[in-house]
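Student: Could we go through this structure one feature at a time? I have the sequence and the coordinates open.

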Amino acid sequence: MNRRELLTSAAAALAAGRSWPTHLAGRIAAHWPVARPVPSAAQLAWQRDELAVFVHFGINTFTDREWGDGTESPRIFNPERLDAGQWVRAARAGGFRTMILTAKHHDGFCLWPTETTEHSVKSSPWREGKGDVVREMVDACRAAGMGVGLYLSPWDRHEPSYGDSPAYNDLYARQLTELLTRYGPLVEVWFDGANGEGPNGKRQEYDWPRIHRTVRQLQPEALMFSDAGPDIRWIGNERGIAGDPNWCTVDPAEVPYPGMSGDHITRALQHGDPQGSVWRPGEADVSIRPGWFWHPAQDSEVRSPDNLVELYFGSVGRNAGMLLNVPPTTSGLFHERDVGALAGLGEQLRGIFATNLAATARTRASAHNDRANGADRVIDGDPDTHWATGPVTSTQRPWLELAWPRPIAFDTICIQEAIAHGQHIAAHSLEIWHEGSWAPLLRGTTIGYKRLHRVPAAQTTRIRLTLDSALDAPRISNFALYDGRRR
């Protein structure tokens with residue numbers, strides 16, 4: 001078997017509910033490079049931030065459309081009560097740490113007073129043509145300690161030069177340069193490969209190497225998102241759900257440029273690749289409403305806090321970032337129902353994770369590499385310490401046990417790898433002590449930055465985590481239990 005056939009065989013076993021085929025572990029490991037990818041400092045910080053708000057706002061807000069065609073008059077853009085501080089307060093109440101604004105969507109209308117086109121806020125009546133939505137959002141985020149991200153659509157249905165690839169690429173580079181030099185440090189620069197012109201439409205060849213180079217030169221700490229990266233990848237759907245398993249590593253040859261499509265591309269985005277040569281974690285984007293822009297008919301269809309919590313478990317809880325779109329209304333404010341849903345999400349998450357029952361446990365483990373990285377590191381609350389095991393083989397599966405003098409009740413489990421050293425664990429299992437013996441609780445696949453499991457309420461005095469398969473010696477930074485029913 002080649003390495004892809006080995007992985008397919010292993011994945012098929014997991015999908016069928018069987019345990020990781022440990023007899024393949026040695027053969028799989030033989031195909032891996034000795035040095036596995038690790039995140040940059042910026043990527044590590046991004047993963048620890050977990051939650052970001054996407055703000056779709058622009059000319060479509062005033063036309064009640066999802067995709068504008070570029071013929072809209074700037075005169076209709078007039079959010080008379082715009083308050084970016086209200087956006088930020090609502091996002092912070094939900095636990096979000098970054099806000100990303102659609103500085104330009106596919107219709108080409110620019111939310112800042114760009115020098116590249118008159119199709120922008122400077123041609124609108126808002127703030128008497130002197131307004132700058134990007135500036136107001138950036139200032140509100142900075143005042144509240146939130147990270148800032150910007151989305152600049154490559155597709156532009158208004159710009160006459162679109163389709164004349166060299167000319168439009170020059171204009172796009174100028175727009176990008178304005179955004180990267182006028183508003184201070186950015187956390188994330190968001191791209192997609194959208195081109196909905198159809199087979200008879202304009203064909204624009206985006207100069208992605210130039211685009212990436214411009215960001216690197218002008219905002220070296222900013223991370224670039226697109227379905228192809230180069231720093232953060234799309235998770236392959238707009239439902240906010242990551243794949244299982246989900247690796248942070250990918251093979252760049254599988255998704256070499258934005259806009260590619262096909263079942264194999266979707267699989268590569270959903271699951272990553274354990275043999276991947278680059279670190280490119282997934283971001284799971286989803287809207288709080290059926291649409292991405294505000295539509296008054298959808299005010300009754302805002303997601304509930306319970307649903308948003310499920311999305312958190314299906315994205316962050318599967319080793320991805322969660323990007324939740326919240327669109328302002330024509331007034332320039334988040335709708336009260338969206339604000340209420342965000343507040344409910346924050347309240348529920350704070351309640352679920354309020355008390356870590358593992359913090360009072362005794363720990364012991366099958367092995368550790370040195371005294372500095374013993375089992376007690378998983379409950380010390382420090383994300384930069386870890387329990388370091390020996391290698392995982394078909395005959396040696398490291399285990400970690402927590403014990404309490406009296407039974408504890410829990411329904412939520414959190415496991416985290418020390419991803420600063422890479423992502424290595426391919427399969428894990430959990431057991432609880434029940435009536436004098438170990439009883440299976442669950443089996444899981446990858447862990448990565450964070451793996452969350454929700455289980456039926458259980459009581460026990462001991463729980464054991466076993467690492468069933470790994471591509472290198474695992475490192476666990478956190479093993480926590482919570483009783484979410486207490487909220």
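This is a predicted model: local features need pLDDT of at least 70, side-chain atom pairs count only at pLDDT 80 or more; totals for chains, interfaces and linings use all residues.

Student: How many of the 10 residues of α5 are buried?

Tutor: A residue counts as buried when its relative accessible area is under 20%. In α5 that holds for A84, G85, Q86, W87, V88, A90 and A91. The helix is therefore largely enclosed by the rest of the structure, and the count of buried residues is 7 of the 10.

Student: Which residues of α6 make the contact with α5?

Tutor: The crossing of the two helices is right-handed. From α5, the contact uses A84, G85, W87, V88 and R92. By class, the contact has 8 nonpolar, 1 polar and 2 charged residues. On the α6 side the residues are V133, E136, M137, A140, C141 and A144.

**The cores**

Student: Which residues have the most contacts inside the largest nonpolar core?

Tutor: In soluble globular proteins, nonpolar side chains tend to be buried together. Here the largest nonpolar core has 78 residues. Apart from it lies another core, of 29 residues, among them L357, A375, V378 and I408. In the core of 78, the residues with the most contacts are W87, M99, L101, V133 and V134.

Student: What is L101 in contact with, leaving aside its neighbours within four places in sequence?

Tutor: L101 is among the residues with the most contacts inside the largest core. Two of its partners, W87 and V133, also take part in the contact of α5 with α6. The list for L101 is V55, F57, W87, L111, V133, V134, M137, G149, L150 and Y151.

Student: Is the crossing of α10 and α11 left-handed or right-handed?

Tutor: The axes of α10 (residues 305–315) and α11 (residues 336–352) come within 8 Å and cross at roughly 55°. The two helices are therefore oblique to each other. In α10, P305, D306, L308, V309, Y312 and F313 meet G340, A341, G344, L345, Q348, L349 and I352 of α11. The crossing is right-handed.

**Single residues**

Student: Is A458 buried or exposed?

Tutor: A458 is found in strand β16 (residues 451–470). Leaving aside neighbours within four places in sequence, A458 is in contact with I408, A409, F410 and I432. Its relative accessible area is 13%, so A458 is buried.

Student: Is N319 buried or exposed?

Tutor: N319 lies in the loop between α10 and β10 (321–325). Its phi is positive, about 75°, although N319 is not a glycine. D64 also has a positive phi, near 65°, but D64 is partly exposed, with a relative accessible area of 45%. For N319 the relative accessible area is 2%, so N319 is buried.

Conventions. Residues are numbered from 1 along each chain as its sequence is written. Side-chain values use heavy atoms; hydrogens and water are left out. A nonpolar core is a set of buried Ala, Val, Leu, Ile, Met, Phe, Trp, Tyr and Cys residues joined through side-chain atoms within 4.5 Å. Buried means under 20% relative accessible area, exposed over 50%, partly exposed in between (1.4 Å probe, protein chains only). Contact means heavy atoms within 4.5 Å. A crossing is left-handed if the near helix is turned anticlockwise from the far one by less than a right angle, and right-handed if clockwise. Helices (H or I, at least four residues) and strands (E, at least two) are DSSP runs, numbered from the N terminus. Ala, Val, Leu, Ile, Met, Phe, Trp, Tyr, Cys and Pro count as nonpolar, Asp, Glu, Lys and Arg as charged, and the others, Gly among them, as polar. Axes are lines fitted to C-alpha atoms, for helices over the stretch in contact, and angles run from 0 to 180 degrees between N-to-C directions. Angles under 35 degrees count as roughly parallel, over 145 as roughly antiparallel, 65 to 115 as roughly perpendicular and the rest as oblique.
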